[in-house]
Protein chains: 2
Amino acid sequence: MTTDPFPKEAAVEVTVPAGTFRVGGIAKGSGMIEPMLATMLAVVTTDAGVEPALLQRALTTAADDTFNAISVDGECSTNDSLFALANGTSGVVITEKDLDVLVEALRRVCEALAIGIVRGGEGATKLVTIDVSGAQSNAEAKKTARAIANSLLVKTAVHGADPNWGRLVAVAGRAGVAFDLERARVQVGDVELFAGGRPYDERAPEASVHLQGTDVLLRVDLGTGGSGRARMWTCDLSADYVKINAEYRT
Amino acid sequence: MTTDPFPKEAAVEVTVPAGTFRVGGIAKGSGMIEPMLATMLAVVTTDAGVEPALLQRALTTAADDTFNAISVDGECSTNDSLFALANGTSGVVITEKDLDVLVEALRRVCEALAIGIVRGGEGATKLVTIDVSGAQSNAEAKKTARAIANSLLVKTAVHGADPNWGRLVAVAGRAGVAFDLERARVQVGDVELFAGGRPYDERAPEASVHLQGTDVLLRVDLGTGGSGRARMWTCDLSADYVKINAEYRT
């Protein structure tokens, strides 16, 4: 049991032909979060038996879409660390052929921990999931998602529940990747606010209702027709973040 | 005369062998400022006669160290624009041989306007000048200066007058350029807080006094022994910035 209001514990159980094993994890972190990993500390354990080199590969892959896809404030500290430990007590030995299963189990645990860190970010009141699609490559999609995740204007708009499609379009347009304004689309929750080169401002009230919740989904299609996509998680930027970090003393 | 509490007007008079000419300028801007230029609008005029192509070259050069060296919030809007107009009424014609003089006159005017924009940034209470030296190249120095200028932890620390050398070292270390911690130096105003791989925390009170003013100087030497250097200007990040941009409605 945790007393953390934003739990950063997760576990999954996985059955493979050789038997059943478990993957669990715990993490801490609040500000100074944009892995490259920082004051973030996370430990993932499994009772499977896994050779260190294989475990490292699986962990690196799992971290890429989880811990390396979150940003509280775009900052990276010097001791961000993610550890994986395997003790083999389940009697299940994971080998190369089970790699995908192990990666998926690690990914699920790491995603839950990573989201917990963002949800508990300094001053955060909302978890924001950013889905970028229609990019020329996954890397271009991630670059755009990261720019959105770190945009002060997006983060303050979300904080104020302002369905500001213009700020999303502006960040996508300056992210330094291929972008076609005429074919781009912006959705807040399930509400499409911009498509075909024009806004749908009459839908703003509905989008604002979505933004007033604690779980916000922002979707941006870059309109290039490419299949590149990426997901990142961030939080809103509040006056409390400023207070916490302006008043903190070395 | 301006009623702007943060004036964005400037003029200089320059004498060359052919006579005297003037360069003046006005600008507007407050948030959404990190040129690539955004809601920032600036017009610079001169009574010298200058061919458009030469004027464009001189303006681009002058903008690089001025308008392209400021950041309020790391955001770029879609209509950032800097115009230069030359009407020749002074009778002085500027040619290739006078290019350096014209650039310097434009640079002085643009710098004054650019600093005015930062000083009047949304929610800003301090102008922060960031000098980075000891880099392998000017480009690496600018990359580091830009990372510092857009660091929420640096901007909130300055807001709280916290002499947090650690946040400056951390940003320099993650800026993606050559950096030698053992030879790096951090100064706040004239107070050296970090050098030779160790902090001088006993000097923190003196640095804090400097940070309580409205004009803050942060100097970081990357310790590589290189001659690369760059200057950028930014402002602190206050709770008012968040309020202005969370409450603003589309």
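Reader: What percentage of the contacts in chain A with a separation of 6 or more comes from residues 24 or more positions apart?

Author: A contact means heavy atoms within 4.5 Å. In chain A, residues 24 or more positions apart make up 77% of the contacts with a separation of 6 or more. Please note that this is a predicted model, in which local features need pLDDT of at least 70 and side-chain atom pairs count only at pLDDT 80 or more, whereas totals for chains, interfaces and linings use all residues. Residues are numbered from 1 along each chain as its sequence is written, chains are lettered from A and ligands numbered from 1 in the order in which they are written, and side-chain values use heavy atoms, with hydrogens and water left out.

Reader: How many helices and strands does chain A have?

Author: Helices (H or I, at least four residues) and strands (E, at least two) are DSSP runs, numbered from the N terminus. By that rule chain A holds seven helices and 13 strands.

Reader: In what order do the seven strands of the open sheet lie?

Author: Strands of a sheet pair through backbone hydrogen bonds, either parallel or antiparallel. Two strands are taken to pair if DSSP finds at least two bridges between them. In chain A the order is S5-S13-S8-S12-S9-S10-S11, with mixed pairing. Strands S5 (70-71) and S11 (198-199) are the edges, each pairing on one side only.

Reader: In which sense does strand S8 of chain A pair with S12, and in which sense with S13?

Author: S8 (residues 127-135) and S12 (residues 215-221) of chain A are parallel, over seven bridges. Within this pairing, A:Ile130 faces A:Leu218 of S12(A), and A:Asp131 has A:Arg219 as its bridge partner. With S13(A), S8(A) pairs in the antiparallel sense, also over seven bridges; here A:Ala135 stands opposite A:Gly228.

Reader: How many residues of S8(A) are buried?

Author: Buried means under 20% relative accessible area, exposed over 50%, and partly exposed in between (1.4 Å probe, protein chains only). Nine of the nine residues of S8(A) are buried. For chain A, buried residues make up 57% of its 250 residues.

Reader: Which strands does helix H3 of chain A lie across?

Author: Axes are lines fitted to C-alpha atoms, for helices over the stretch in contact, and angles run from 0 to 180 degrees between N-to-C directions. Helix H3 (residues 138-149) of chain A lies across S5, S8, S12 and S13 (228-235), at about 20° to S13(A). Helix H4 (residues 152-159) of chain A also packs on the sheet, touching S5, S8, S12 and S13, and its direction makes about 135° with that of S12(A). Among the buried residues of H3(A) are A:Lys142, A:Thr144 and A:Ile148.

Reader: What span does H3(A) reach from its first C-alpha to its last?

Author: The expected span of a helix is 1.5 Å times one less than its number of residues. H3(A), with twelve residues, reaches 16 Å, close to the expected 16 Å.

Reader: Which residues have the most contacts inside the largest nonpolar core?

Author: A nonpolar core is a set of buried Ala, Val, Leu, Ile, Met, Phe, Trp, Tyr and Cys residues joined through side-chain atoms within 4.5 Å. The largest has 73 residues, and A:Phe21 and A:Phe67 have the most contacts inside it. Helix H2 (residues 99-119) of chain A gives the most to this core, with twelve residues. A second, separate core of 72 residues includes B:Leu106 and B:Cys235.

Reader: Where is A:Ala161 placed, and what is its phi?

Author: Most residues other than glycine have a negative phi. A:Ala161 has a positive phi, near 55°, and sits in the loop between H4 and helix H5 (165-174) of chain A. A:Ala161 is buried, at 8% relative accessible area. B:Ala161 also has a phi near 55° and counts as buried at 9%.

Reader: What rotation superposes chain A on chain B?

Author: Copies are superposed by least squares on the C-alpha atoms of residues with pLDDT of at least 70 in both. A rotation of 180° with 0.0 Å of shift along its axis superposes chain A on chain B, with an RMSD of 0.0 Å. The two copies are therefore related as by a two-fold rotation axis. In chain A, the C-alpha nearest the axis belongs to A:Ala239, 2.2 Å from it. The same surface serves both copies, since 97% of the contact residues of chain A recur in chain B.
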